[in-house]
Every structure is written in C-alpha cells, then in structure tokens.
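Reader: Before I ask about single residues, please show me the sequence and the model.

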Amino acid sequence: MAVWGRGAGLLRGRGGKVAVRSLRDKSVRDEVMRTCERYDVRRRPFSRPGSEDVEFFERVMPGRVVTGEEEVKPFNVDWLKSVRGCSQLVLKPQTTAEVSQVLRYCHERNLAVTPQGGNTGLVGGSVPVFDEIILSTALMNRIISFDKVSGILVCQAGCVLERLNEYLEEQGFIMPLDLGAKGSCHIGGNVATNAGGLRLLRYGSLRGTVLGLEVVLADGSALDCLASLRKDNTGYDLKQLFIGSEGTLGVITAVSILCPQKPKAVNVAFLGCQSFSKVLETFTRCRAMLGEILSAYEFLDEKCMELVERHLKLSSPVTGSPFYVLIETSGSNSTHDEEKLNNFLEQVTASGLVTDGTVATDDKKIKMLWSLRERITEALTHEGYVYKYDISLPVAKLYDLVTDMRARLGQSAKNVVGYGHLEYPAALCLIKHHHTVAKEETILLCLFLLTRCQNAFRALHRHNRERKSDEGPRSNLMIITASRWWHNN
C-alpha cells in the first residue's frame, strides 16, 4: 500500500523570489545529509522498487520515468537543502488516469510513494525519507477551462501559480492567492497545504475559494469532486478533507477555484514603526480606515531588513526603524483609493504610529517594495542552516516569541528574526551555522515553553513533518519533557 508522509510533496511556498529558479536547475550539494541518517527513524516494511516495477511504469508513461542517480538527485533534496531522501525513481504522470494506475500498482505491490509538487516547501515534507517513489506533478500543467462570467478556473494540479496568474490577468482576473514562491510552487501543493499567502486578508483562505477537487486515493481510486458551483448542497463537502491534508489522504490532480477580477488600481505603502505595539495599532487603524480596499498587511523587523540588504543587495527607501510595515490596497477607482490611503497615512503619521514611509503606485516600484518582504527567506539561506517555524499565537504576543527566543538561545543562534502576516500566523526564523539534532531539540523545547503548551503541536509542526516516523510516542515524550522543564525552571 502506498504511504503518504505528512506534507508529502504538495507543499506551500514562501520561498521568496529565488523559488523561480527551480531546485531542478541547480546542482545539489553533496554535503546535504540524508534524513534517515540525521534522524532516529526506521524504514517501515515496504517493498523496494525493482526492475520489473520500472518496466511497468515505462509502459504506463513512456519516457517519463526518471531513474539515474544524478537525474533523481534534485528531487531528493528540499529547497532549504536541509534534508535529503534516497529515492531512485521519479514518475511524471500527465493525467489523472496515469496517477490512478501508478497508485493502484503501488498499493498492490506495497511500494511507498511521496507526492511532489514544485518542491518549494520549507519543512522537508516534499522529499522522501528513504527510497520512496517520487510522484511528480510537474507535467500535469494543463488549464482545463475558465469561465469569464463566473471567474471559475479549472486546471490540473501541476500548474505553476505564477503561470496561472499570468493567464488570468490576460482575461482581466487574478488568482486569489499570492506567494513568494509563485514562480515554482504548484496550485495542487498550495491546496494540499491550505497555503494562505499574501492575499488572504482580501480574498480569504483556499477553503473558501476552492470549489472542487479531483483526487486519487492511495489504492488508485479516483474521486471526482471537481464542482464549478459556488453553492452545492448535494451532499458532504468532501473536498475540505483534502485541503490542508498535505498528501496524507491522496494526490490532488485537478482544482476548481474561484478567481476575483483584477484590480484596476494598486498602491503599496512601506512604513517604519518604532515598536511592535505601534505595528499592531497601525494595523487596527488600517483596517478601520482602508476597509474594502485593504489587500495586504505585512511586517518585518530590522534584522530581516539587514539580511535582505546585505545578501541580496536590495535597498529600502525607508531606513532606521526597528520594524517595517508593507500595506497594499487594491480597488477599481484610483482617485478614491489614493484619497483613502493618504488620509490614513496623514493620521498615523500625525499620531506618531509611523515615523517614515513611502508610497508606490507604478508596477516597478511596487515590485521593488514587495521584494523586500518576499525575498527574506532567500536572504536567510545565506546565513547558515535555517530553522523556520510558522506559529499561531494571539497577535499581541507574536513578537514576544522572537524576543524571548533571542534571550534563551543567546549566542548559539546567529540570528533570530520575525516577519509575516498579521491576519494569520507570523513567521519565526532561527539561523545557525551548523545543524545537529540536539540543537533542534533545544529550539523545539524553547518554542514549546514560550507558547505555554497552547500551541505545542504547531510549534512541533516542522519537526514532526521531517521525522515521518512513529511520531505519536516521540511527540508525547517531547511534551512531557518540556512540561517538566517548564515547571522546574
């Protein structure tokens, strides 16, 4: 029977603009340690792929079976180059029928499978732990239909997010989500991980915009829930089981999604704030005064800005602030939108919430300002081994976690930075020179303690994804150990 690792392959991307340069186009460094050697994991009793299996797959998809060690290597390593699998076989189906044949065969042969989309994920779930067969959706990139009246797009799961957005813009529409890794990430992966992205504040989550899915289950059964209706009361809403399931229940092969019309007027403000409390108060004023035209609100700290400027040679028009805020508005009337934005900026400046800022209205300047936020993850990779966590906390306490982690880790962490969205979890990044399991355990314990158990499982999110072993007992042990440490200190 095929097995689905947590976060297996169909993954989110917030990898910054560097994700446009696919990992497959890069040479993979040999020093990336194998996941099965780094972590205390054991291979479960699955069969090992043999020559007869390769022959079968070649008959199903001639010329789309990858076997050579060098050819397979890029599919075995994650975007951060933190984990490496040992797969020796990559399959590239083009249709749902081919996916169904592959999974039915693997189910009968007891072969383990790891689905893989754009491989832009930052938690290692898109690559195998051992020798699982990699099922790549890269060639499932066909746009099936688009209805200009309803704005409903139907496409295969391997369509790259940026290509979809370009196609829709020609029709006067846009995708309801936007990610830093849009140049490489697949829409199937976005759905499988319920990616939020930069437009969530305006258009909501994928649980609302995805109207239907086509999925192949582990035994090869195809589930057709590819509806194109905004309201469907004919039965259970089965698609919701697969949104955010991270490849554990099946492989998403096609998506039906509701797309909004392209805004006629877009403005971006980049502002400096002197404290995180002022970032929060600015956000409150922003929602109240900009209302229906507010489409994004992002923050980053000065450490992020230093890294982006040092490693990527980007320059910020706003300097000298401990925190920075990026605000985007989008609407249908430029005069109306600019008037609302200017009134907001005058008020937050006069009240001392914002000390400096700039506004961009043309595409070139807008992209330049967005790059300061979108390419943070890329800049972090230049500093050493990256530990990255998305953690849900009450918004007022988000940055307390960053300052507390800096205090607890001290000199053992090269940098601890905070950035992200305020409408849902912020991002916490920890950078070290070298990776060891012991250091990672220390970080996880600190995260657990600082969140006071209320979000322990989310804090352990990346760790458990990477291990892909018998996680329950291990996680319980972590919780017990952390609880004792907390009570004893």
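**Salt bridges, burial and contacts**

Reader: What is the relative accessible area of Arg406?

Author: Arg406 is partly exposed, a class between buried (under 20% relative accessible area) and exposed (over 50%), with a 1.4 Å probe and protein chains only. This is a predicted model, in which local features need pLDDT of at least 70 and side-chain atom pairs count only at pLDDT 80 or more, while totals for chains, interfaces and linings use all residues. Residues are numbered from 1 along each chain as its sequence is written, and side-chain values use heavy atoms, leaving out hydrogens and water. For Arg406 the relative accessible area is 28%.

Reader: Which residue forms a salt bridge with Arg406?

Author: A salt bridge is a side-chain nitrogen of Lys or Arg within 4 Å of a carboxyl oxygen of Asp or Glu. In the salt bridge of Arg406, the closest N and O atoms are 3.2 Å apart. The pair links distant parts of the chain, 105 residues apart: Arg406 is in helix H15 (residues 398–409), and its partner in strand E11. That partner is Asp301.

Reader: Is Asp301 buried or exposed?

Author: The relative accessible area of Asp301 is 1%. Asp301 is therefore buried.

Reader: Which residue meets Arg373 in a salt bridge?

Author: The N to O distance in this salt bridge is 2.7 Å. Arg373 belongs to helix H13, and the partner, 75 residues apart, to strand E11 (residues 294–301). Helices (H or I, at least four residues) and strands (E, at least two) are DSSP runs, numbered from the N terminus. Both side chains belong to buried residues, Arg373 and Glu298.

Reader: How far apart are the C-alpha atoms of Val154 and Ser256?

Author: Val154 is in strand E6 (residues 152–156) and counts as buried at 9% relative accessibility. Beyond its neighbours within four places in sequence, its contacts (heavy atoms within 4.5 Å) include Leu226, Val255 and Ser256. Val154 and Ser256 are 102 residues apart along the chain, and their C-alpha atoms are separated by 4.3 Å.

Reader: How many salt bridges does a search of the whole structure find?

Author: The protein chain has 19 helices and 16 strands, and buried residues make up 58% of its 489 residues. For salt bridges, the search of the whole structure gives 18.
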